[in-house]
Amino acid sequence: MIRTQRLAAGVGALLAALAAGIAFPAGAVADETTASAPKVDLVLDVSGSMRTKDIDGGTRMAAAKQAFNEVLDATPEEVQLGIRTLGANYPGDDQKTGCKDTAQLYPVGPLDRTEAKTAVATLSPTGWTPIGPALLKAADDLDGGTGSKRIVLISDGEDTCAPLDPCEVAREIAAKGIGLTIDTLGLVPNTKMRQQLSCIAEATGGTYTSVEHTDELTDKVNQLVDRAADPVVTPVATQGADSCAKAPTLTSGLFTDREEFGQERWYRVEVEPGQELRASVSVSADRTVNPDYGVLLRAVTTHGREIVRGEAAGNGRTDVISTGLRHPTAESDEDDAPAETVCLQVTNSFSAGAGVKTTPGLPLELTVDVVDGPSQADDVASFGLGRGWWLLGALILTGFVAGLLWGWLSRWRVAVWRTN
């Protein structure tokens with residue numbers, strides 16, 4: 001009897017263990033899928049000015065509600081969506097209280113379309129326009145996870161909660177390196193509002209769009225939500241140093257950093273014999289800058305000798321300026337030949353416009369790719385044409401031969417003419 005009970009207990013334990021072994025991986029997969037899901041937080045201005053009737057014969061609030069209902073119906077299943085409001089609850093005149101008026105109407109997560117629509121239907125234009133505080137809270141709403149993160153801000157006026165500048169708030173969010181993008185839409189915009197919403201979007205690599213019709217609002221929000229579901233490569237936040245000796249060592253990948261005006265940043269890359277380093281850098285002007293600017297990317301040895309450089313310059317208004325370089329290393333007959341340490345130096349010559357804050361630094365995106373070196377004869381790098389000498393020699397030789405042939409043909413034609 002005791003043996004029978006022990007046998008039954010053993011079988012039960014084995015079945016429980018098998019069940020746990022099957023269940024836990026499934027849970028792990030579910031958690032991993034949730035962590036990598038794209039997230040979108042729709043931030044809607046519900047201030048008193050949204051009562052204005054100037055969009056297709058109705059109020060701005062009615063246009064926003066209609067657009068939200070259509071967007072909720074079309075949201076992809078894999079997108080975790082939330083809704084945050086600003087100016088929806090406090091109708092009074094106290095600015096300090098009004099500038100705290102932001103709330104999560106629907107939490108970021110798997111979408112229940114009926115529940116979300118019911119929440120949107122309760123909204124009524126009420127109070128102030130605390131864009132800056134709303135953006136800070138929206139960034140917290142999207143905290144965690146490895147998927148893409150996007151805030152879509154819809155407003156019909158500029159922020160009324162100075163001195164907290166929403167453009168500075170957007171720069172601070174971008175400086176955290178969490179890969180969050182803010183897109184802005186202005187309802188029937190004026191010049192001041194357009195400048196503010198454009199600045200917010202530019203600070204995080206987002207887009208600004210002015211909207212004057214309900215169908216335009218619906219189409220644009222749908223487009224931005226769908227874009228969040230597209231696969232993206234999230235840059236890895238890094239921090240360059242002021243010298244090569246202190247620089248972080250990077251591998252192949254996409255990296256993001258911040259660089260002050262006129263500052264230089266250093267990074268290190270290990271390149272094995274027979275490999276080729278390919279690097280490119282983009283520096284964004286996320287605020288007003290003066291004309292005449294440039295960016296320089298140098299590959300330097302640890303002893304300070306320049307190997308190769310890439311540079312770009314411009315004059316006028318720009319959002320981003322980019323350059324790149326390639327550096328192939330020679331193959332070695334030794335199996336244990338050491339890797340070459342290449343120092344990458346990034347320098348910009350942007351200067352801030354009058355009254356523009358210089359902190360945080362300008363957004364910098366660095367792409368590093370270490371690949372097997374070129375082996376084909378038709379590859380420019382394998383010939384060394386990228387360094388110029390082979391190309392120069394080939395052109396000199398071609399010109400010399402062409403000159404000889406032309407001279408011989410000319411003399412022959414003159415001799416024939418005289419003979420005739």
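I am working from a predicted model.

**Entry 1: strand β4**

I began with β4, residues 80-86, and asked how many of its residues are buried. I got 7 of 7, so I put the strand down as mostly covered. Next I sorted the side chains by direction. Q80, G82, R84 and L86 point one way, while L81, I83 and T85 point the other way. Both sets are buried.

Then I looked up the neighbours of β4. Strand β1 (residues 39-45) runs parallel to β4, and 7 bridges join the two. I noted one partner here: L44 is bridged to T85 in β4. Strand β5 (residues 102-109) runs antiparallel to β4, with 5 bridges between them. For L86, the bridge partner in β5 is T102.

**Entry 2: T102**

Is T102 buried or exposed? Its relative accessibility is 16%, and the cut-off for buried is under 20%, so T102 counts as buried. I also checked what its side chain does: it makes a polar contact with the side chain of R84, at 3.0 Å. Leaving out residues up to four places away in sequence, I listed what T102 touches: R84, T85 and L86, plus P133, A134 and K137.

**Entry 3: the ring pair**

I searched for aromatic pairs and found 1. Why is the pair of Y293 and F350 called stacked? The ring centres are 5.2 Å apart and the planes stand at 10 degrees, which is under the 30 degrees needed, so stacked it is. I then placed both residues. Y293 belongs to strand β14 (residues 293-300), and F350 sits in the loop between β17 (340-348) and β18 (362-372), so the pair ties together parts 57 residues apart in sequence. I looked up burial too: Y293 and F350 are both buried.

**Entry 4: the largest pocket**

Last, I went to the largest pocket and wrote down a volume of about 1000 Å³. I counted 43 lining residues, and the closest to the pocket centre are T181, T204, G205, P235 and E365. Which elements supply at least two residues of the lining each? I have strands β6 (149-155), β7 (180-187), β11 (253-259), β13 (275-284) and β18, along with helices α6 (166-175) and α7 (191-203). The largest share, 4 residues, comes from β11.

Key. Residues numbered from 1 in each chain as written. Predicted model: local features only at pLDDT ≥ 70, side-chain atom pairs only at ≥ 80, totals over all residues. Heavy atoms only, no water. Phe/Tyr/Trp six-rings, centres within 6.5 Å; stacked < 30°, edge-to-face > 60°. Buried < 20%, exposed > 50% of the residue type's maximum accessible area, 1.4 Å probe, protein only. Pairing = 2+ DSSP bridges. Polar contact = N/O pair within 3.5 Å; in protein donor to acceptor, adjacent residues only side chain to side chain. Contact = heavy atoms within 4.5 Å. 1 Å grid on protein atoms, 1.4 Å probe; cavity = no way out; pocket = protein on both sides within 12 Å on 5 of 7 lines; lining within 4 Å. Points joined across faces, edges and corners; volume = space filled by probe spheres on them.
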